[in-house]
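Visitor: I am new to reading protein models. Could you take me through one part of this structure, slowly and closely?

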Amino acid sequence: MTTTFPGAAVTTRHARPPRRSVRARPEAVLALIAVGVVAVIGMWWANTPSVAGFDGWLTNAGRITGLLAGYAIAVLLALMARVPALERGVGSDRLARWHSMGGRYVVGLAVAHMLLTIWGYALTDRTDVVSETVTLNLTYPDVLKATVALLLLVGVGVVSARKIRPKLRYETWFHLHFYTYLATWLAFGHQLATGAEFAVAPVARTSWYVLYWGVAALIVWYRFLTPVRLAVRHRLRVSRVVPEAPGVVSVYVTGRRLGRLRAEPGQFFRWRFLTRDLWWSPNPYSLSAPPRAGELRITVKDLGDQSRSLSGLRPGTRVLAEGPYGAFTAGGGRARKVLLVAGGVGITPLRALFESVPAAPGDLTLLYRARDERHLVFRAELEEIATARGATLHYCVGPRTVIGDPFTPATLAGLVPDLTGHEAYVCGPAEMTSAVTAALRAAGVPKRHIHHESFEF
């Protein structure tokens with residue numbers, strides 16, 4: 001079923017717009033990472049006068065893969081250190097994709113480093129691979145540390161596999177990743193103790209220290225100290241919990257000087273509610289309304305034990321919030337034609353954008369896909385906003401087996417006049433987001449005008 005609610009424009013009062021923050025460009029970040037890769041290979045080249053024999057080639061291939069693995073794990077930790085410039089410029093979901101892809105490279109490089117090095121040493125010592133493995137691990141303590149680090153990395157990689165990760169609770173998956181820190185520490189000691197580059201080249205050794213201690217400083221500051229600093233400054237508390245739809249509640253949070261958070265509609269925080277059952281796990285939830293003076297709102301669907309428990313929060317519960325994060329924002333640019341496409345609980349950040357994104361009357365459209373009418377979250381609010389802003393609101397309700405594919409290029413072009421002239425924001429389940437993005441591209445919307453976010457971990 002599709003319903004449209006047009007209306008006239010009015011002005012809504014919000015908190016003072018946040019100042020623009022420093023934002024890293026994705027292309028610049030990737031270029032910087034690539035420069036680092038070249039520098040690491042150059043470090044090996046400068047400290048390798050010559051390579052002779054098959055065993056020498058194997059050993060040096062092991063050195064290169066080990067150096068690249070050590071560099072890559074530092075990069076991955078930096079990407080997920082929650083640095084504001086990266087979170088606001090690159091976007092948390094893109095950083096997560098880079099981290100996931102890079103994690104597979106790290107594990108592959110580390111395994112290759114181990115196998116190539118042991119094979120090369122075995123040929124040099126004229127022994128078999130098993131005996132060489134035992135000798136290296138029992139004779140050199142730092143090699144044993146590296147073996148433990150490798151096993152930890154492989155374990156984290158296994159639980160992050162696509163077929164396994166969805167079966168884990170978010171909290172379990174989140175806390176298992178802390179073993180990456182232990183693996184990194186063990187591997188760092190191994191690299192400095194046994195790496196030929198660092199034994200003979202003080203500049204390389206110093207650079208490695210700067211890289212690792214710099215990343216460690218970012219993690220300590222942004223992941224551990226910053227949440228405490230924000231808690232002291234803003235003193236967040238739950239003010240009320242309001243049911244929105246079956247299994248969906250909104251949590252209203254109040255605090256002091258919230259304007260200094262510089263939060264924007266479309267962004268999210270990692271929330272830690274200080275109750276006996278919830279304090280130990282920060283979970284990411286988007287703002288479901290533009291920040292207002294003294295109040296923030298998130299809306300949560302029952303997707304697990306932690307989200308289910310939020311419905312029982314009591315007013316006055318203390319809250320720790322990390323953020324704001326995410327690049328799924330409209331920014332403060334000029335008014336333009338805007339299309340918002342939401343699926344299920346993906347309406348949460350788009351509800352905030354629907355109220356605040358710069359757009360003239362008639363130039364703003366929201367397409368909202370839901371299983372049935374009972375699961376249309378914020379229905380009254382959305383209709384009020386549509387009337388106030390002169391926006392167009394379409395609902396698409398019903399099982400796909402009955403209504404067919406609601407997001408074909410022809411359907412989108414029919415619902416949204418001048419579709420190719422719109423800036424499009426898509427949020428929903430990963431499958432829906434991919435389908436809508438592909439349909440928009442097929443309909444002629446430029447890739448740079450399509451912004452999407454997935455709320456799956």
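Guide: Happy to! This is a predicted model, and we will look at domain 2 and domain 3, whose centres, taken over C-alpha atoms, are 24 Å apart. To place them on the chain, the domain assignment puts domain 2 at residues 235-325 and domain 3 at 338-453, with domain 1 at 26-225. Where domain 2 and domain 3 touch, 16 residues of domain 2 and 15 residues of domain 3 take part in the contact.

Now for the area involved. The size of an interface is often given as the accessible area lost when the parts come together. Here domain 2 and domain 3 bury about 1,300 Å² between them, and 60% of that lies on carbon and sulfur atoms. On the domain 2 side, the residues that lose the most area to domain 3 are Pro246, Pro265 and Lys301, which together make up 29% of what that side buries.

Finally, let's see what builds the domain 2 side. Strands E1 (236-245), E2 (248-254) and E5 (295-301) each supply at least two of its residues. E5 gives the most, with 3 residues. Sorted by class, the side of domain 2 that touches domain 3 has 7 nonpolar, 5 polar and 4 charged residues.

Methods:
Residues numbered from 1 in each chain as written. Predicted model: local features only at pLDDT ≥ 70, side-chain atom pairs only at ≥ 80, totals over all residues. Heavy atoms only, no water. Domains from an automatic or database assignment. Contact = heavy atoms within 4.5 Å. Buried area = accessible area lost by both parts, 1.4 Å probe. Helix = DSSP H or I, 4+ residues; strand = E, 2+ residues; numbered from the N terminus. Nonpolar A, V, L, I, M, F, W, Y, C, P; charged D, E, K, R; others polar.
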